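Good morning, and thank you for coming. Please look at the structure on the screen while I speak about its aromatic rings.

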Amino acid sequence: MNIIGKSVIRKEAYEKVTGKARYTNDYQSADMLHARLVTSPYAHAKIIEMDQSEAQKIPGVRAVITGENLPLTGEDLRDRRPIATDKVRYHGEVVAVVVADNPVLAKKGADKIKVKYEPLPVVNSPGEALKKDAPLIHENLAQYEKVGQVYPVPGTNIANITKIRKGNMEKGWRESEITVEENFFFHPSDHAAMETRCSFAEIRANGDIVITSSSQAPFMIKKLIGDYFNIDDGKIIVNTPLVGGAYGGKAPIQLEILVYLASKAVNGRAVKLLNTREEDIITSPVHIGLDAKVRLGCTKDGILKAAEIVYLFDGGAYSDKAIDVTRAGAVDCTGPYRLDNIYCDSLCMYTNHPYASPFRGFGHSEVLFAFERTMDILARKLNMDPLELRNKNAILSGDTTPTQVLLNSSNVGNLQKCILKLRELMNWEEGELVDLGNNRLRAKGISCVWKTSTIDTNASSGAILTFNRDGSVNLMSGVVEIGTGTKTILAQILAEKLKMDIKDVHVQMEVNTQHTPDHWKTVASRGTFMAGRAVLEAADDVIKQLKHIAACVLRASADDLEVGGGKVFVRDEPQINILVKDIAYGFTYPNGNAIGGQIIGRGNYILRHMTYLDEETGAGKPGPEWTVGAQGVEVEINMKDYTYRLIKAVSVIDIGKVLNEKAAVGQVKGAMSMGLSFAGRETFVFDIYGRVLNNQLRTYRPLRFGEHPEYVVSFVETPQIDAPYGARGVGEHGLLGMPAALGNSLSLALQRELTRLPLIPELLWRAREGGNEHALD
């Protein structure tokens, strides 16, 4: 292949490196108004009264919007008003929106609004939420509208429960000669995208609602706002320019609703709402937290026989996307291992924390931390090499997933090859633990990963191709360019199919839902797979049309023609040809007669054979394939003060087929750094009242420059038959095993089982010196 596999420079690279790229906040007009949020200082409290009078007296303040008469919102369960009315359920929840002539006046108005609250008891963890005497966060849970496959438990704080029941647990435990059990825990955290969330909206004189947003899901914005406010789909237009990082945090719909309401309140004028960093951290959706219990059983030889698991996810104050995340964690609950007997409950719990959204990996890095740590504990109890334990139990073609999907070499890849390559790249034979002297140890930890995409069964993607008169092609897709380079990959797929130079493929970067073909959402590592299939179908459509016209001109059967190199030519006599540019807009004969017309290619793809999960067993097909991999982390720890350095991080992923080598490596390395940051640094610090105490980047601390290890990335290629050129999704997978691998390396060094994140020196000290890890709460 000429283009596939090559390290092609990203199509938007020049705009970005020169600073010419435009993001949502870069769009401004002279008559645009600005909004600021009034948010709750309490995590759980009744709203007694609100005094807006001082704000409304400020010259330049145009409107104050409150939540009365607004619909309940939510993708699967309608449980959240866009602006709180009767009570607030998390610290940072929006209680009013102020619209003014400029951001300064809007902030001044927001500061003048006085709200009287009556504090209520706070639920500060999913474990607390599950207690029988826990305060109810949603007293009216039974009355909420259910939209999708969702199973709340009224009278409790359980927003949804996903059950996995596979095999016979009695048989599994009976065959288990060795058992281990452990509990794991971590708080919610932030996505920390470089670009904070931003949206603006206007309502035109004809009633069209135009929303521009930094979002991963412009078509979902269109759908949901139409549903919530009973507006015809065709009256809503959503624009999404380049997005400065998202990682799942920009998949939910929040600011878009607020700017629509704000524009409506000021007679349709354009209103922009830009989150400050502090607002972005706690007011908008966050990375989900987890309490987990994992119990494993195996034979003396290390063959897994049974897994009993409870995942209590911290969905926060509203279910929104958390239901999807907890479902995704359930379907891959055991990691990439052959297990015939599984009992898993994955619960989406209401707490008085900011509500959750997907985080790069969609619930998988979270459950893999718990499961892969337990695998290491089991390996130590067996006195077995942890890599050997995983290799012995690696899921293979012919095995079934926890949801009972039969796997083959196309839809699961080759985990054992990944493990073998990881062993080599980690220099595993040197030993897992080395004493360097002077109170310093070097330790290695590993983990295995897998992930399928638990998405809507009817998720689809479309693509449109048009030609320019010079023979170059315009590619339009609804995929959002969120920094992953997906649209460059789509250009490579098209260039390969049409056998043309990729510089002649022009990609529309911005999305406009009025003229861009629909793409479900840019999430779940689905962009290349779904949009790639749509692009290939559109290319086939174009090729068919080109051959049809060329057959008339060249007086040859269309079956004998090929397209490539900017020409349509006779396969066995390539000197007989015509340039694509001469027929892309039809062909004109010397006498003036014309045939054909403008060639427009169209293609679409919809997921096939996906099914809903059975309510009682979880049986069903949640995604098209499982990408597998093996990862490792090497650390050097000072046993005197428990500080440590990240020395090396390794990922081996079965990518199916590498489409763009440097882009793939970059994606995996970026994900690895996020995983190590989540594992070793990032967390929300809550006080006993449920307030986030570290809501700024001075105190919320991602991994910094100088703290990164050497990143090593390698790929195994086991093609996925139904994917574009055999490629599997890989945008998230570099992150998935990093928390577990780091936890395993540090646990080995300390000879203590670390069960919570983040793995900061204080936690290591408490674990080693006999202190209480949970005193950090």
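Let us begin with Trp450, which has a relative accessibility of 0% and therefore counts as buried. Please keep in mind that this model is predicted.

The structure contains 16 aromatic pairs. One of them joins Trp450 to Trp626: the ring centres are 6.3 Å apart and the planes meet at 35°, so this pair is tilted. Where in the chain do Trp450 and Trp626 lie? Trp450 belongs to strand E19, residues 440-451, whereas Trp626 sits in the loop between strand E29 (600-606) and strand E30 (627-638). The two residues are 176 residues apart, and the pair thus links distant parts of the chain. Trp626, with a relative accessible area of 1%, is buried.

I turn now to a second pair, Phe529 with Tyr605. Its geometry is edge-to-face, with 5.4 Å from centre to centre and 85° between the planes. Because Phe529 lies in helix H15 (residues 527-554) and Tyr605 in strand E29, the pair ties together parts that are 76 residues apart in sequence. Are these two residues buried or exposed? Phe529 counts as buried, at 2% relative accessibility, and Tyr605 is buried with a relative accessible area of 6%.

Rings can also join in a group. Here, ring pairs connect Phe184, Phe186, Phe359, Phe369 and Phe678 into a cluster.

Finally, I come to arginine residues and rings. Arg22 is placed over the face of Tyr27, 4.0 Å from the ring centre. Likewise, Arg165 lies over the face of Tyr343, at 3.7 Å from the ring centre.

Conventions: Residues are numbered from 1 along each chain as its sequence is written. This is a predicted model: local features need pLDDT of at least 70, side-chain atom pairs count only at pLDDT 80 or more; totals for chains, interfaces and linings use all residues. Side-chain values use heavy atoms; hydrogens and water are left out. Rings of Phe, Tyr and Trp (its six-membered ring) pair if their centres lie within 6.5 Å; planes under 30 degrees apart count as stacked, over 60 as edge-to-face and the rest as tilted. Helices (H or I, at least four residues) and strands (E, at least two) are DSSP runs, numbered from the N terminus. Buried means under 20% relative accessible area, exposed over 50%, partly exposed in between (1.4 Å probe, protein chains only). A charge sits over a ring if NZ of Lys or CZ of Arg is within 6 Å of the ring centre and within 35 degrees of the ring normal.
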